[in-house]
Amino acid sequence: MKGKTDMCDDTVEVDISTPVMDKNDRFAASNRKLFNEKKLYTLNLISSPGAGKTSVLESMARFFGGRMAVIEGDVQTRRDADRIEKAGCQAWQIETGGACHLDAQAVNHALGHMNLSPEELELLAIENVGNLICPSGYDLGEDMRIGLLSIPEGDDKILKYPSLFSSINVLLINKMDLIPYLNFDLDRAIEECRSLSPEVEVFTVSARTGEGMEEFCKFVESSFS
Amino acid sequence: MVDLMHELSLAHDMTRIIGNTLGRKVHLERVNITVGPLSGISPESLKFCFTEIARTEGFGEPELVINLTEAKLICLDCNTEYNARDFYEGCPECGSISRRILSGREFTVDSVEIDEGKDRHV
């Protein structure tokens with residue numbers, strides 16, 4: 001016990017003063033150590049369901065090939081891992097069985113199953129479970145946290161989910177091919193994101209048409225080479 | 001254990017931390033925690049989950065008292081420091097939303113209150 005304070009009657013208050021994320025943070029530190037040892041630059045990709053995380057990763061897989069490995073987080077099915085493998089990268093699927101986020105311990109477990117020894121491997125991308133709230137509090141040990149927002153979701157989402165958009169290094173706006181058909185104010189979205197993360201890097205892409213993807217991939221590449 | 005809301009797994013983490021600190025399972029009267037507006041936590045979901053988890057794990061039915069803090073921000077246009085819980089409002093001095101976040105991610109178990117009179121009879 002860290003300390004006791006006598007209150008009225010028989011009630012005593014016991015000091016705990018412990019961050020609830022302490023266990024996750026210990027696993028995140030252990031992941032970070034492993035990433036450093038293996039010289040792996042790590043991305044944590046977070047968005048709502050259907051924003052295009054897997055499509056972005058397929059496009060990245062075509063750019064990076066065997067230099068990239070992917071951890072896929074989903075509630076069920078290994079469908080996403082199959083898509084990534086078809087696009088040319090090693091992929092490991094975590095099925096969370098209901099949980100709305102990945103935690104550092106689940107990633108640690110997945111790392112134990114993956115082949116991290118290939119000489120060419122230098123990038124690990126973690127696709128989180130589609131959700132704009134729950135994943136935001138869990139450090140996975142990543143070097144770069146990417147928030148993905150797609151045009152059909154609307155330009156007002158950033159300030160609605162400040163826990164995520166205040167914690168990202170990169171804002172990736174996807175489905176730019178749809179912008180002529182929808183009222184999405186790009187300047188507003190970027191300004192509001194900078195109001196939560198002043199140094200955020202912003203890229204506008206369409207994973208479907210490939211627009212902007214090479215520029216984004218080269219930026220990721222320049223972060224570790 | 002399927003954790004449909006992340007508040008459910010966080011409630012487990014809270015009882016783990018309390019049990020580890022106390023070194024035993026005790027019927028608790030009250031649990032005091034601090035939650036920042038950028039922690040990604042829904043206070044209502046956490047209250048709902050925590051009472052259930054605490055009861056099933058042998059900590060009685062403690063009241064969860066949440067100290068909801070405000071984020072601390074600094075305006076990058078006029079350097080005013082201000083507090084906010086919602087991020088739609090800009091700087092109270094100049095209205096700018098150009099700012100840096102100084103704090104707001106807190107999520108800690110601060111203390112627990114135990115009725116020693118009751119505890120003796122557990």
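**Reading a predicted model, feature by feature**

Modeller: Of the 225 residues in chain A, 47% count as buried, meaning that 20 or more other C-beta atoms, placed from the backbone, lie within 10 Å of the residue's own. This is a predicted model, where local features need pLDDT of at least 70, side-chain atom pairs count only at pLDDT 80 or more, and totals for chains, interfaces and linings use all residues. Residues are numbered from 1 along each chain as its sequence is written, while chains are lettered from A and ligands numbered from 1 in the order in which they are written.

Colleague: How many helices and strands are there in chain A?

Modeller: Helices (H or I, at least four residues) and strands (E, at least two) are DSSP runs, numbered from the N terminus. Chain A has seven helices and nine strands.

Colleague: What should helix α1 of chain B span?

Modeller: The expected span is 1.5 Å times one less than the number of residues. For the 17 residues of α1(B), residues 6-22, that gives 24 Å, and the end C-alpha atoms are 24 Å apart, which agrees. G23(B) follows this helix, with a positive phi near 80°.

Colleague: Which elements do the buried residues of α1(B) pack against?

Modeller: Contact needs C-beta atoms, placed from the backbone, within 7 Å. The buried residues, including L8(B) and I18(B), pack against β2 (11-19) and α1 (22-37) of chain A, together with α2 (43-56) and β6 (107-115) of chain B.

Colleague: What is the strand order in the open sheet of three strands in chain B?

Modeller: Strands pair if DSSP finds at least two bridges between them. Here the order is β4-β3-β5, with antiparallel pairing. The edge strands, β4 (81-84) and β5 (99-103), each pair on one side only.

How values were computed
A residue is buried if 20 or more other C-beta atoms lie within 10 Å of its own, exposed if 12 or fewer, and partly exposed in between; C-beta atoms are placed from the backbone. Two residues are in contact if their C-beta atoms, placed from the backbone, lie within 7 Å.
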